[in-house]
Amino acid sequence: MSLVNFAEEYSQLSSTEQQLFADSVRRLLSDGLIWREDEQDRRIFAWLVRRIDLVRDYLAVAGWELHYAENLHIFHVFHRDGSHRRRFDKEETLWLLLLRLIYAEQYESLNPSLTRYPTTTVSDLYTRYSEFFPNRAIRKKGVFDSALRLFNGLKLIRAPQSTVLRANDPETVIELLPALEVIVPASGIAALAERLAEYQRPSSSDEEQA
């Protein structure tokens, strides 16, 4: 769509739709994704389903690509040159990959669940960490606590029933959300174990990009 055509189509929107357009672009660029199940996203999500082409064309001018994971009910964006990517330090990346691996395992499991999405606990996550890194002690739990807050803010995890995610409470339940599939696609699951194993070896880099 040319800029002239875009301007013409945009001008035909009602004032309410123009506000929804602005809200959707702002949310996509600040959060990276819009998820139907997030209460604050639902109105914008419903509008985006109808007007995805208009928003996609607008973002494309600045190098952003808008994608719709219909099976997950998630809109997400990324920049073509990758300059927007959030950088995680090594420990954050380790926890993220472990959460993604558990998410995949839970979906493949036939065990019944009391929650809509897969869950794990802080205790189970510590156990998995020790299994992958038997000779490596878990660093300060404050690092994991910060990672939990980060992943919660990115809509990758949440605490069921609005409880608080606490790294120092082994019984804390962590609900694993579909956005994990956007961050680490299913096609990359087979490589997760290998990548986790790589972190067992010393590295000169203090940061890894997830």
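Predicted model: local features only at pLDDT ≥ 70, side-chain atom pairs only at ≥ 80, totals over all residues.
I started with burial: 41% of the 210 residues of the protein chain count as buried, which I take as under 20% relative accessible area, with exposed meaning over 50% and partly exposed in between (1.4 Å probe, protein chains only). Residues are numbered from 1 along each chain as its sequence is written, and side-chain values use heavy atoms, with hydrogens and water left out.

**Overall inventory.** I found 8 helices and 8 strands in the protein chain; these are DSSP runs numbered from the N terminus, helices being H or I of at least four residues and strands E of at least two. Next I looked at contacts, meaning heavy atoms within 4.5 Å. Of those in the chain with a separation of 6 or more, 62% come from residues 24 or more positions apart.

**The open sheet.** I traced a 3-stranded open sheet in the order β1-β3-β2, paired antiparallel; strands pair if DSSP finds at least two bridges between them. Its edge strands are β1 (33-35) and β2 (64-69), each pairing on one side only. The twist averages 15° from one strand to the next. Between β2 and β3 (residues 74-79) I have 6 bridges in the antiparallel sense, and His67 stands opposite His76 in β3.

Then I checked what packs on this sheet. Helix α2 touches β1, β2 and β3, its direction making about 110° with that of β1. Helix α3 also packs there, touching β1, β2 and β3, and its direction makes about 150° with that of β2. For these angles, axes are lines fitted to C-alpha atoms (for helices, over the stretch in contact), and angles run from 0 to 180 degrees between N-to-C directions.

**α2 against α3.** I looked at how α2 (residues 15-31) meets α3 (residues 42-60): the angle is about 80° and the axes are 9 Å apart. That makes the two helices roughly perpendicular, a label for 65 to 115 degrees; under 35 is roughly parallel, over 145 roughly antiparallel, and the rest oblique. From α2 the contact includes Leu20, Phe21 and Leu28, and from α3 it includes Trp47, Leu48 and Tyr58. By class I get 12 nonpolar, 2 polar and 5 charged residues. Here Ala, Val, Leu, Ile, Met, Phe, Trp, Tyr, Cys and Pro count as nonpolar, Asp, Glu, Lys and Arg as charged, and the others, Gly among them, as polar.

**Around β7.** I followed β7 (residues 173-176) and saw it pair antiparallel with β5 (residues 119-121) over 3 bridges; Thr120 has Ile174 as its bridge partner. Strand β6 (residues 157-158) also runs antiparallel to β7, joined by 2 bridges, with Ile157 partnered by Leu176.

**Helix α5.** In α5 (residues 122-132) I listed Val122, Leu125, Tyr126, Arg128, Tyr129 and Phe132 as buried. Down the axis they fall within an arc of 160°, so they line one face of the helix; the arc is that of the directions from the helix axis to the C-beta atoms.

**Two single residues.** Arg100 is in α4 (residues 90-108).

Gly142 sits in α6 (residues 141-153) and is partly exposed, at 44% relative accessible area. From the C-alpha of Gly142 to that of Arg166, 24 residues apart along the chain, I have 9.6 Å.
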